[in-house]
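Please keep the sequence and the 3D view at hand while reading.

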Amino acid sequence: VNPEEPAATGVRHAAAIRVNDILNGAFGLALPDVLPAAASGTVIPIVMSEPKPSGGRMVQVIEPLIGGTGGRKGHDGIDGRDSGISNLANNPVESVEAELGVEVLHYGLRPDSSGAGQWRGGCGMELSFRVLTDGSHILARGMERMLFRPWGQAGGFPGSPGSLVVNEGCPRERRLGKIDVLEVEAGDIVTFRTPGAGGWGDPMKRDPFAVLRDVQAGFVTVDFARRIYGVALVDGALDEEATQALRAGAMANDGTDFGPERNNWDGIFATGQMDRLLSLIHISEP
């Protein structure tokens with residue numbers, strides 16, 4: 001984390017966020033009742049560059065996208081707020097549309113993205129916009145947690161990973177990973193979704209009325225409430241008898257949950273093997 005020339009230094013904030021995760025995770029092993037689960041772990045300044053009729057290009061930030069903060073014992077995570085180093089504020093949609101050739105179709109919190117838990121993680125965000133100018137470029141550096149999810153703690157579930165889709169649900173749909181510069185044309189619809197943060201504690205121990213409030217607020221869907229939290233809702237109200245039945249046979253969860261993608265990785269590349277690989281490729285000082 002202290003690079004010297006010619007080491008790569010681009011997108012330095014992404015590395016700093018990973019350091020935050022590592023330190024919080026390490027301290028969390030010793031102080032699980034104090035430290036939160038993983039935050040969303042991403043800060044994405046989404047920038048658009050479009051040609052101007054008079055020549056040259058207009059370059060401006062559409063929105064700086066972040067995720068949420070991790071749940072901790074006694075408290076849910078914060079939705080759509082970054083706990084790291086960014087300290088960014090959003091741009092009003094009206095200002096963006098007035099100054100750039102874009103139409104913002106949706107901008108808000110991402111339902112079902114937060115890691116479930118007795119105290120859930122914060123929701124990620126979703127931004128979808130239509131490009132209005134041919135020959136435009138989208139820049140979105142710092143996209144992280146696209147595969148490995150923000151981990152859950154003390155039995156909490158990990159948050160959902162991030163994603164980027166162009167023309168979702170259309171014949172020209174493209175699902176992309178990390179990008180630096182993305183070429184788009186007029187009519188293309190670009191959708192960014194940021195990760196949700198990890199949850200803390202067994203989701204089956206969450207107060208059912210807290211789950212009901214999450215559904216009412218749009219943070220959690222009715223189906224997610226039933227499948228993940230074991231909470232049955234009928235016509236917008238809590239069905240206490242059905243909820244008790246759903247939760248009766250649930251297995252208790254504990255420990256850290258990194259998600260299936262990380263578990264698959266660790267099943268192939270065990271810690272000892274990775275340590276050996278890193279030692280073999282380490283470049284010594286001249």
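In this predicted model, R262 and D266 are joined by a salt bridge, with their closest N and O atoms 3.0 Å apart. The two residues are four positions apart in helix α6, which means that about one helical turn separates them.

**Salt bridges**

- Elsewhere, salt bridges that share partners link R18, D21, E144, R145 and K178 into one network.
- A salt bridge also connects D214 with R206, and the closest N and O atoms of this pair lie 3.0 Å apart.
- Are D214 and R206 buried or exposed? Both D214 and R206 are buried.
- E173 and R175 form a further salt bridge through their side chains, at 3.2 Å from N to O.
- Within this pair, E173 is partly exposed at 32% relative accessible area, whereas R175 has a relative accessible area of 54% and is therefore classed as exposed, the cut-off being over 50%.
- A search of the whole structure gives a total of 19 salt bridges.

**The largest pocket**

- The volume of the largest pocket is about 570 Å³.
- Its lining consists of 19 residues, and those nearest the centre of the pocket are I22, R145, W151, F258 and R262.
- Three elements, α1 (12-30), α6 (260-268) and α7 (271-281), each give two or more residues to this lining.
- Which element gives the most to the lining of the largest pocket? It is α1, with six residues.
- By residue type, the lining of the largest pocket holds nine nonpolar, four polar and six charged residues.

**A nonpolar patch on the surface**

- L277, L278, L280 and I281 make up a nonpolar patch on the surface, and together they have about 400 Å² of accessible area.
- One of these residues, L278, is located in helix α7.
- The relative accessibility of L278 is 47%, so this residue counts as partly exposed.

**Backbone features**

- E5 and P6 are joined by a cis peptide bond, for which omega is about 15°.
- P6 is situated in the segment before α1.
- V11 is also placed in the segment before α1, and this residue has a positive phi of about 55° although it is not a glycine.
- V11 has a relative accessibility of 26% and thus counts as partly exposed.
- Where is N167 placed? N167 lies in the loop between β6 (163-166) and β7 (174-176).
- N167 is not a glycine, yet it has a positive phi, of about 60°.
- With a relative accessible area of 4%, N167 is buried, because the cut-off for a buried residue is under 20%.

Methods. Residues are numbered from 1 along each chain as its sequence is written. This is a predicted model: local features need pLDDT of at least 70, side-chain atom pairs count only at pLDDT 80 or more; totals for chains, interfaces and linings use all residues. Side-chain values use heavy atoms; hydrogens and water are left out. On a 1 Å grid over the protein atoms alone, a cavity is a set of points where a 1.4 Å probe fits but cannot get out, and a pocket is an open set with protein on both sides within 12 Å along at least five of seven lines; lining residues have an atom within 4 Å of a point. Grid points are joined across faces, edges and corners, and a volume is the space filled by probe spheres set on the points. Ala, Val, Leu, Ile, Met, Phe, Trp, Tyr, Cys and Pro count as nonpolar, Asp, Glu, Lys and Arg as charged, and the others, Gly among them, as polar. A salt bridge is a side-chain nitrogen of Lys or Arg within 4 Å of a carboxyl oxygen of Asp or Glu. Buried means under 20% relative accessible area, exposed over 50%, partly exposed in between (1.4 Å probe, protein chains only). Patches are made of residues with over 30% relative accessible area and no salt bridge: like charges are joined within 9 Å, nonpolar side chains (Val, Leu, Ile, Met, Phe, Trp, Tyr) within 5 Å. Accessible areas come from the Shrake-Rupley method with a 1.4 Å probe; for residues, only the protein chains shown count as cover.
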